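Please open the model in a viewer and follow the selections below in order. Each stop names what to select and then describes what is found there.

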Amino acid sequence: MGVWQLVAVGLVMFLGLVGVLVPGVPGQAIVWAAVLWWALTDMTPAAWGVLIGATALLLVNQALKPLLPPRRPHESGAPRKTLMLGGIGGIVGFFVVPVVGGIIGYVGAIYGAERLRLGSSGAGWTSVRSVMRATGYAVLVELFACLLVTGAWLGTLIWS
């Protein structure tokens with residue numbers, strides 16, 4: 001697989017990660033399709049292993065969706081910008097501090113945005129709890145699953 005094709009697969013994965021944050025966009029399906037494209041083009045055992053692992057992880061995530069609270073962003077009282085900043089913080093955090101940084105970045109970015117918007121630490125944490133109950137857990141679980149798939153793909157590229 002050529003460099004430009006790998007860059008294109010990476011961009012599609014990034015669009016899938018951002019798609020997780022946008023209601024109505026099938027972010028998980030986009031990330032999975034990018035891994036499928038890569039595996040069908042690369043045809044190595046490592047690529048097929050990543051595809052199988054990604055398929056299993058994303059199917060488990062789909063099975064867990066009904067157990068999580070539904071997304072109700074309007075109930076949180078936070079602007080949509082706060083949720084987008086949380087998602088971007090989760091994506092950046094995942095790659096800065098591998099794996100656990102996704103959770104820390106997501107919650108930290110929401111707290112930072114809400115602290116700035118509301119003006120106090122206590123109000124910021126109260127808003128974080130409200131946002132997490134309304135939409136945060138569902139978004140975080142879906143985003144984290146897609147980040148794990150993206151990380152596995154990137155790790156396989158680096159170490160193969």
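Begin by selecting Lys 65 and Glu 142, whose side chains form a salt bridge with an N to O distance of 3.5 Å. This pair joins distant parts of the chain, 77 residues apart: Lys 65 belongs to the loop between α3 (45–64) and α4 (73–76), and Glu 142 to helix α7. Lys 65 is partly exposed, at 36% relative accessible area. Glu 142, by contrast, is at 7% and counts as buried, because the limit for that class is under 20%. Please note that the model is predicted.

A search of the whole structure gives 2 salt bridges. For the other pair, select Glu 114 and Arg 117, where the N to O distance is 2.7 Å. Both residues are in helix α6, 3 residues apart, and so are separated by about one helical turn. Glu 114 is buried at 0% relative accessible area, whereas Arg 117 is partly exposed at 41%.

Next, display helix α6 (residues 100–118) together with helix α7 (residues 121–159). Their axes come within 9 Å and cross at roughly 145°, and the crossing is right-handed. The residues of this contact comprise 15 nonpolar, 5 polar and 3 charged.

Helices α5 (80–96) and α6 each supply at least two of the patch residues, and α5 gives the most, with 3. Val 96, in helix α5, is exposed at 62% relative accessibility.

Methods:
Residues are numbered from 1 along each chain as its sequence is written. This is a predicted model: local features need pLDDT of at least 70, side-chain atom pairs count only at pLDDT 80 or more; totals for chains, interfaces and linings use all residues. Side-chain values use heavy atoms; hydrogens and water are left out. Axes are lines fitted to C-alpha atoms, for helices over the stretch in contact, and angles run from 0 to 180 degrees between N-to-C directions. Helices (H or I, at least four residues) and strands (E, at least two) are DSSP runs, numbered from the N terminus. A crossing is left-handed if the near helix is turned anticlockwise from the far one by less than a right angle, and right-handed if clockwise. Ala, Val, Leu, Ile, Met, Phe, Trp, Tyr, Cys and Pro count as nonpolar, Asp, Glu, Lys and Arg as charged, and the others, Gly among them, as polar. Buried means under 20% relative accessible area, exposed over 50%, partly exposed in between (1.4 Å probe, protein chains only). A salt bridge is a side-chain nitrogen of Lys or Arg within 4 Å of a carboxyl oxygen of Asp or Glu.
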